[in-house]
Amino acid sequence: MDAPLRSTTSLLQILVSFFLLLFLGLNMFREVESLGINYGQVANNLPPPEKVLQLLNALKITKARIYDTNPQVLTTFANTNIELIVTVENQMLATLGDQQQALQWVSSHIRPYFPATNITGIAVGNEIFTDEDTSLMTYLVPAMVNIHAALVKTGLSQYIQVSSPNSLAVLANSYPPSAGNFRSDLSDIMQQFLQFLATNKSPFWINAYPYFAYKDNPNKISLDYVLFNSNQGMVDPYTRLHYDNMLYAQVDAAIFAISRMGFNGLEVKISETGWPSKGDSNEVGATLQNAAIYNRNILRRQLLNEGTPLRPNVRLDIYVFALFNEDMKPGPTSERNYGLFQPDGTMAYNVGLLSTTSTTTSNSEPSSASVSLASSAPPMVKRVGYQSLVHWMMMMMMFVYICWLCKC
């Protein structure tokens with residue numbers, strides 16, 4: 001092959017390589033945007049919503065869930081790319097059993113902010129079926145029906161879904177996944193709940209924490225299995241489906257339970273999952289390293305657009321719990337240490353959201369870094385954004401082409 005031809009071939013290889021890198025880079029930026037985060041606020045030292053928005057933009061997270069309808073958050077998130085799920089507090093359910101009260105709630109808590117604030121879902125309560133106040137169960141479905149009716153009346157029902165997150169404890173059995181079924185004492189109310197979801201094409205939201213299963217039985221449950229690390233996994237003896245992690249097995253158990261109630265096709269989404277970075281002496285597995293590995297592997301699976309073994313072609317939406325450590329949450333130490341970030345913007349551990357060029361292994365040590373929340377200047381990650389990446393790579397391609405011309 002003569003020299004000019006070899007040079008031309010080399011240039012083409014370089015250009016193809018750059019285009020491939022460009023495609024992969026941009027694809028990664030788009031896919032990271034699908035990850036959701038729970039923005040809890042049970043703390044007295046959190047940054048203001050303006051700084052939280054800055055942090056979400058830096059992380060390229062475009063889906064968030066809050067546990068109320070905080071006006072300051074709703075106003076701050078207006079005219080942004082954040083899709084927001086808001087929550088009706090548990091204590092409001094009885095009041096919203098009245099149609100007029102539900103209409104007033106939507107008119108005052110949702111309508112003034114939409115569509116400037118992209119509210120995509122309303123969580124009516126949280127883990128109602130397993131709440132200590134068992135009377136709340138009777139109010140749940142009527143409140144959901146009335147909230148949806150109010151959305152219809154205000155012209156918002158086509159934009160905002162209504163559902164209610166459930167604890168995994170609603171299941172009587174979750175192992176193997178194909179044996180998944182609901183507790184018998186919830187049969188009647190669960191039938192009504194699922195009927196509402198099916199009628200209105202709303203998802204079944206579940207708060208799933210493999211950490212709890214491991215903490216309660218560390219001698220029999222593989223840590224690698226719950227952390228998404230490499231492991232032999234398990235095979236469901238009835239479906240012959242292979243599971244390499246517990247979270248997907250829990251989701252499929254919920255899908256089987258829903259099917260047993262006669263509701264095939266309901267979408268199941270994870271409204272909460274996470275791992276504490278610190279715990280009490282009896283909270284086995286609550287360590288910084290395990291938390292970093294779990295959430296880092298969640299991020300990796302999200303980048304792959306994965307579904308579960310039962311629904312491999314349906315991408316599983318996941319909202320990680322939580323954005324911040326919350327110092328006022330009651331209960332054991334772990335409850336105050338689920339955050340990816342400390343309130344001052346320092347990362348509790350690095351799951352890779354702030355780095356798109358470095359790679360890590362699932363067993364690598366977590367590193368520390370911070371995003372400044374004290375300054376109004378955007379973080380570096382935000383400055384090096386989507387358009388900047390395109391510009392940089394195009395400039396590099398032009399540089400290579402000019403160098404080739406000079407050699408010719």
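## Overall fold

Contact means heavy atoms within 4.5 Å. Among contacts in the chain between residues at least 6 apart in sequence, 72% join residues at least 24 apart. This is a predicted model, where local features need pLDDT of at least 70, side-chain atom pairs count only at pLDDT 80 or more, and totals for chains, interfaces and linings use all residues. Residues are numbered from 1 along each chain as its sequence is written, and side-chain values use heavy atoms, with hydrogens and water left out.

The chain has 12 helices and 13 strands (DSSP runs numbered from the N terminus: helices are H or I, at least four residues; strands are E, at least two). Of its 408 residues, 51% are buried (under 20% relative accessible area, with a 1.4 Å probe and protein chains only).

## The second largest pocket

This pocket has a volume of about 710 Å³. In its lining are 27 residues; Tyr67, Asn126, Glu272, Lys329 and Glu335 are the closest to its centre. Lining residues have an atom within 4 Å of a point on a 1 Å grid.

## Ser167

Ser167 sits in strand S6, which spans residues 166-167. Is Ser167 buried or exposed? Ser167 is buried, because its relative accessible area is 14%.

A polar atom of the Ser167 side chain lies 3.0 Å from the backbone nitrogen of Ala169. Leaving aside neighbours within four places in sequence, Ser167 is in contact with Glu127, Thr130 and Asn207.

Technical notes:
Buried < 20%, exposed > 50% of the residue type's maximum accessible area, 1.4 Å probe, protein only. 1 Å grid on protein atoms, 1.4 Å probe; cavity = no way out; pocket = protein on both sides within 12 Å on 5 of 7 lines; lining within 4 Å. Points joined across faces, edges and corners; volume = space filled by probe spheres on them. Polar contact = N/O pair within 3.5 Å; in protein donor to acceptor, adjacent residues only side chain to side chain.
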